[in-house]
Amino acid sequence: MMGPLGAMRALSGAVAKSFMLAQQQHSNSSQRVLLPCISNLVRQAHTAQIKPVTEKEQAALSKIRNIGISAHIDSGKTTTTERILFYTGKIKDIHEVRGKDGVRGKDGVGAKMDSMELEREKGITIQSAATYCTWKDKQINIIDTPGHVDFTIEVERALRVLDGAVLLLCGVGGVQSQSITVDRQMRRYSVPRVVFVNKLDRVGANPWKVIQQARDKLKLNAGAVQIPIGVEEFHEGVVDIVKRRAITFGGAKGLDVVEGPVPADLAEEVEARRAELIERVSEVDDQLAEQFLLEEPIEAEQLAAAIRRATLANKFAPVFMGSAYKNKGVQPLLDGVSDYLPCPTDVQNIALDIDNSEQELTLPCSPSGPFVGLAFKLEEGKYGQLTYMRVYSGKVAKGDFITNSSSGKRTRVPRLVRIHSDELEDIQAASAGDIVALFGIECASGDTFTDGSVNFAMTSIKVPDPVMSVSLTPKSTDQLANFQRALQRFQREDPTFTVSNNAETGETIISGMGELHLDIYVERMRREYKVDCEVGRPKVNYRETIQARAEFTYLHKKQSGGSGQFGKVGGFIEPLPEDSTTRYEYANEIVGNVIPPEFYPACEKGFREAANAGSLIGAPVEGVRVVLNDGAAHAVDSNEMAFRLAAIGGFRQAYASARPTILEPVMKVEVTVPVEFQGIVMGDLNRRKGMILDSRQEAEDAVIEAMVPLNSMFGYSTVLRSNTQGKGEFAMEYSHHAPVTKEQQEQLTSAAGKKA
C-alpha cells in the first residue's frame, strides 16, 4: 500500500510528465487541456495531505482550551488572570496590579502577567501576555490582552488565534466604549464567549443592569447562569442556577470553595431566573426547545449541554458573576470555560490554498495532518526575536525545517518554548491546538508557516491604520545606532507602529493609534535602548476627498530631439458613495484602441500615484472613483512614462474642479466623571468642537459620549485631571474621517503652501 510520501512522489511525477508533454506539444489547444489537469493534480496533492481528526486525537484535543480575556480598560482583566493562575497552581501567591503609589503592587511585586516594568508602573496592560495552566482535566492557554484602545492590535492578534474568549464587564460601569470595540473584534473572528460581570463588591454594582446593557448595546443573547449572593459589601458568593447549588468562598484568598443548598431567601429568584435562562436558550437550540414546548423537566446536564451548543454556535453568551479582587467567583468561571467554550476541534479554521488561486478550504485541527502554523505576534527578547505561533494542523518539533508561505524561505526551528508571561519553558514539540513560541525565526506578524508539503496561508489579521504622528529626534548623534535599532524592533513587533522620514526637514516621523501608544514607545526607547528623544507636537493624519464629479482631458507632450513623449488621457473622477467599503476605485471604460492595451497599467499606476497626495495639503485622497474612457497615442513617441505622467496630470486637472476638501480623524470619546463635574467637562468638550451623543448617570458618576476631532484631543488627559480633581477618566477610539471647517481648511492649505 502506498504511503503519503509515495502518493506525493507519484503525483509530482505526474505533474512533471504533464509539463514535459506541454513543452513537446506547442499547440494552444494542448495547453488548454493540460493546464486544468495540472491544476487538478495539485489540488489532489494538497487535499490528500489534509486528514480528518481521529477519535484518539479528538479525545486529547477536547482537553484543550485556547482563550483570551478581553475588556474595557480597568475592568479587572489582569487581576482576574492573576486569580486564575493562583487557583490552578501556576503561581504560589497573588500580587495586585498596582498600589495607591502607582508603583507595582501594594506588596512591591506587581501582577505576574504585567511583566514589563512600564506596565507595572502605569497599572495597565500594554502587550498581550501569554500563559498556560491546568484546571481539573483541562489545559487552558490564556492570553491576557490590553484594554486601552491604543493597543487594539494586541487584542486583534490575540482573538485571531483563540478559540474562545472571556468578556469581562465591570459590575458598576457595565458596557463601556472599549467593551463595544472588543465585542466587535470577537464577532469579526466568530469567537464564542462567556461573560464575567466583575467587581460586584463595589458600591453601585448591579449585574442585571449590566446584562441588559449587553443585550441592548452589544446585541448579545446574554443570560445569567448564576445569581449573586449579595452585592457590594454583602457579596459572599454565587448560586449556580443550572445545578441549583450555592457556592461560597472562604479561607485564605478564597481557596475554600463550599457548595451547598440554595439559601431560602433566594430560592424563588433562582427558579424565576432558571426559567428565563431555559427560555432564552430554547430560542436558539432546537433540542432544548422541544423539551421546553413539551413541558418536560429539564435536568442540569441537559441544560448545560444546550448552553454549550448555543455558545459554540455564537447564539448565546452565558453570564458568570463575582469579584476577582475579593477572590469570589473565579473557580466557577474556570468551570464555565471548561464546560461552555470550544476546544480546538469545535472551531472551523479556514486556510487559503496559494497554489489554487487562494481558494478557501477547511483545515482540520489534526496532529497527523500537514504542519500549518500562524505567527501572530513578534517580540524582541534577550535571546533574540520571539515568534508567538498558533499551531493549526500537524506537529512541529525542535530541529524541524518549516517554510514561510509569504517568502518561500525555509528555516530550521532552533528552539521551541511555552510562555508563562516573561518566563520560558523549553519543549521538544508542539502539535495542533497549541500556542507556543519559537526563537530564531525571521518573519513578519501574520505570516503562515508550513512543513513544505502544502502551500497554505491562514486568513490575514486586520491591521487598523495609524491615526496620529509625532516627529522624533535623538538628542545626541551618538544614540543614532540604537535609535534605528529600536525603531526596527518596534515596527516588527507592532504593525500599527509605522516609521517614515520627512524628506524636507529630515525628521523621523512615527505614527500610531493614539497619544498613549506613541508615548509608550518613546518611553521604551529611553529605558530599553538608553535613547533620549525630542518629541515634536503631535500631528493628525489628514486625508483629502472630493465632493463633485469633474472631467479631465490631458495631453502630456514633450519633444527634445529624437523620440519624445506623447500620452493623452480623458475621463472623469467622482465621489464614491458614503457607504463604500473601498477608499479608491479605478475603472477602464475605453472602447477600441485609442490607447494601446500595453499602456493601461501605466495609466492606472499614474492615477493611483496622483491619489497618494492631494493638491491641497499633500494628504492621501480617499473616497474617489477614477474612470478612464478616452485618450490618444502616438505611433513613435508614446511610452509607459508618457501615459503615467498624463494620468497624473489628468487627475490633478480634474481634482481642482471637483470641490476638494480636507478630512480629519474624529474620535469617539467616552468620559466618566463624578456627577458634580459633568457641566464643566461637557463645556470643555463643546469648546473642542465636540458633538455630545449621550450623557447618562451610573451610580455616582456621569458618563458622557461625544464625537471629537482628534486634533482637539491632544493633552486632554491633563486637562481632564485638572477639571475633575484627578477623578475623571476617558477612553477614545477612532470613528471616522470628517470634513474640516472652511476656516480650518484655509489655515491648513496656507500652512502647506508656505512649506512648499
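The model is predicted, so local features need pLDDT of at least 70 and side-chain atom pairs count only at pLDDT 80 or more, while totals for chains, interfaces and linings use all residues. Residues are numbered from 1 along each chain as its sequence is written, and side-chain values use heavy atoms, leaving out hydrogens and water.

**The whole protein**

- The protein has 19 helices and 38 strands; helices (H or I, at least four residues) and strands (E, at least two) are DSSP runs, numbered from the N terminus.
- Of its 756 residues, 53% count as buried, where buried means under 20% relative accessible area, exposed over 50%, and partly exposed in between (1.4 Å probe, protein chains only).
- Take contacts, meaning heavy atoms within 4.5 Å: among those between residues at least 6 apart in sequence, 71% join residues at least 24 apart.
- The protein exposes about 33,900 Å², and carbon and sulfur atoms supply 50% of that area; accessible areas come from the Shrake-Rupley method with a 1.4 Å probe, and for residues only the protein chains shown count as cover.

**Helix H14**

- Helix H14 covers residues 515-529, and its 15 residues should span 21 Å at 1.5 Å a residue; the end C-alpha atoms are 21 Å apart, which agrees. The expected span is 1.5 Å times one less than the number of residues.
- The buried residues of H14 are His517, Leu518, Ile520, Tyr521, Val522, Glu523, Arg524, Met525 and Tyr529.
- An α-helix has 3.6 residues a turn, so residues three or four places apart point the same way.

**Aromatic pairs**

- The structure holds twelve aromatic pairs. Rings of Phe, Tyr and Trp (its six-membered ring) pair if their centres lie within 6.5 Å; planes under 30 degrees apart count as stacked, over 60 as edge-to-face and the rest as tilted.
- Phenylalanine 490 and tyrosine 521 have ring centres 4.8 Å apart and planes at 45°, so this pair is tilted. The two sit 31 residues apart, with phenylalanine 490 in helix H13 (residues 480-493) and tyrosine 521 in helix H14.
- Phenylalanine 490 is buried at 0% relative accessible area, and tyrosine 521 counts as buried at 7%.
- Another tilted pair joins phenylalanine 552 and phenylalanine 607, at 5.5 Å centre to centre and 50° between the planes. Phenylalanine 552 lies in strand S31 (residues 550-558) and phenylalanine 607 in helix H15 (residues 600-611), so the pair ties together parts that are 55 residues apart in sequence.
- Both phenylalanine 552 and phenylalanine 607 are buried.
- Phe490, Phe497, Tyr521 and Tyr529 form one aromatic cluster.

- An open sheet of four strands has the order S31-S32-S34-S33, with mixed pairing; two strands pair if DSSP finds at least two bridges between them.
- S31 and strand S33 (584-588) stand at the edges with a single partner strand each, so one side of each is left without a neighbour in the sheet.
- Neighbouring strands of this sheet are turned by 25° against each other on average, direction ignored.
- S31 and strand S32 (residues 565-575) run antiparallel and are joined by nine bridges; threonine 553 has glycine 570 in S32 as its bridge partner.
- H15 packs on the sheet, touching S31, S32, S33 and strand S34 (624-632), and its direction makes about 155° with that of S33. Axes are lines fitted to C-alpha atoms, for helices over the stretch in contact, and angles run from 0 to 180 degrees between N-to-C directions.
- Helix H16 (residues 640-657) lies across S31, S32 and S34, running at about 145° to S31.

**Strand S11**

- In strand S11 (residues 317-321), five of the five residues are buried.
- Ala317, Val319 and Met321 point one way from S11, while Pro318 and Phe320 point the other way.
- Strand S5 (residues 193-198) runs parallel to S11, joined by three bridges, with valine 197 opposite methionine 321.
- Strand S6 (residues 222-224) also runs parallel to S11 through three bridges, and alanine 222 has alanine 317 as its bridge partner.
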